[in-house]
Amino acid sequence: MILKWLDSQELALALMDIYPDQDPAQIRFTDLREWILNLEEFDDDPKHCSERILEAVQQCWIEEM
């Protein structure tokens, strides 16, 4: 499955699997962006990332916790 920036829920779930002990409320957006870019399933233009997108991923991750 290929993930794009707009796949907030799926990105959050993938990150939860890799970083199970991470508190999503304490993540810096610079780290979150890098973690997403490093996901094997991720395939999107890094330039399309925005603070709003990162907030959405973070919120989904918080809700899943």
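In which helix is Ser 8 found? Ser 8 belongs to helix 1, which spans residues 8–18; helices (H or I, at least four residues) are DSSP runs, numbered from the N terminus. The model is a predicted one, in which local features need pLDDT of at least 70 and side-chain atom pairs count only at pLDDT 80 or more, whereas totals for chains, interfaces and linings use all residues. Residues are numbered from 1 along each chain as its sequence is written, and side-chain values use heavy atoms, with hydrogens and water left out.

Ser 8 has a relative accessible area of 15% and is therefore buried; buried means under 20% relative accessible area, exposed over 50%, and partly exposed in between, with a 1.4 Å probe and protein chains only. When residues up to four places away in sequence are not counted, Ser 8 touches Ala 56, Val 57 and Cys 60, where contact means heavy atoms within 4.5 Å.

The packing of helix 1 against helix 3 is considered next. Two packed helices are described by the angle between their axes and the distance between the axes. Helix 3 comprises residues 51–64, and its axis lies 8 Å from that of helix 1 at an angle of about 60°. Axes are lines fitted to C-alpha atoms, for helices over the stretch in contact, and angles run from 0 to 180 degrees between N-to-C directions. Helix 1 is therefore oblique to helix 3; angles under 35 degrees count as roughly parallel, over 145 as roughly antiparallel, 65 to 115 as roughly perpendicular and the rest as oblique. On the side of helix 1, the contact involves Ser 8, Gln 9, Leu 11, Ala 12, Leu 13, Leu 15 and Met 16, which meet Ala 56, Val 57, Cys 60, Trp 61 and Glu 64 in helix 3. The residues of this contact divide into nine nonpolar, two polar and one charged. Ala, Val, Leu, Ile, Met, Phe, Trp, Tyr, Cys and Pro count as nonpolar, Asp, Glu, Lys and Arg as charged, and the others, Gly among them, as polar.

Helix 3 also packs against helix 2. The axes of helix 2 and helix 3 come within 10 Å and cross at roughly 85°, so these two helices are roughly perpendicular to each other. Phe 29, Leu 32, Arg 33, Trp 35 and Ile 36 in helix 2 meet Glu 51, Leu 54, Glu 55, Val 57, Gln 58 and Trp 61 in helix 3. In this contact of helix 2 with helix 3, seven residues are nonpolar, one is polar and three are charged.

Gln 58, in helix 3, is buried at 14% relative accessibility. With residues up to four places away in sequence not counted, Gln 58 touches Pro 24, Ala 25, Ile 27, Phe 29 and Leu 32. Ile 53, also located in helix 3, counts as buried at 12% relative accessibility. Apart from its neighbours within four places in sequence, Ile 53 is in contact with Trp 5, Leu 6 and His 48. Arg 33, in helix 2, is partly exposed at 27% relative accessibility. Beyond its neighbours within four places in sequence, Arg 33 is in contact with Trp 5, Pro 46, Cys 49 and Leu 54.

A search of the whole structure finds three aromatic pairs. Trp 5 and Phe 42 form an edge-to-face pair, with 4.7 Å centre to centre and 65° between the planes. Rings of Phe, Tyr and Trp (its six-membered ring) pair if their centres lie within 6.5 Å; planes under 30 degrees apart count as stacked, over 60 as edge-to-face and the rest as tilted. Trp 5 lies in the segment before helix 1 and Phe 42 in the loop between helix 2 (29–37) and helix 3, so the pair ties together parts that are 37 residues apart in sequence. Both Trp 5 and Phe 42 are buried. Tyr 19 and Trp 35 form a stacked pair, at 4.1 Å centre to centre and 20° between the planes. Because Tyr 19 lies in the loop between helix 1 and helix 2 and Trp 35 in helix 2, this pair ties together parts that are 16 residues apart in sequence. Tyr 19 is partly exposed, with a relative accessible area of 26%, whereas Trp 35 is buried, with a value of 17%. Ring pairs link Tyr 19, Trp 35 and Trp 61 into a cluster.
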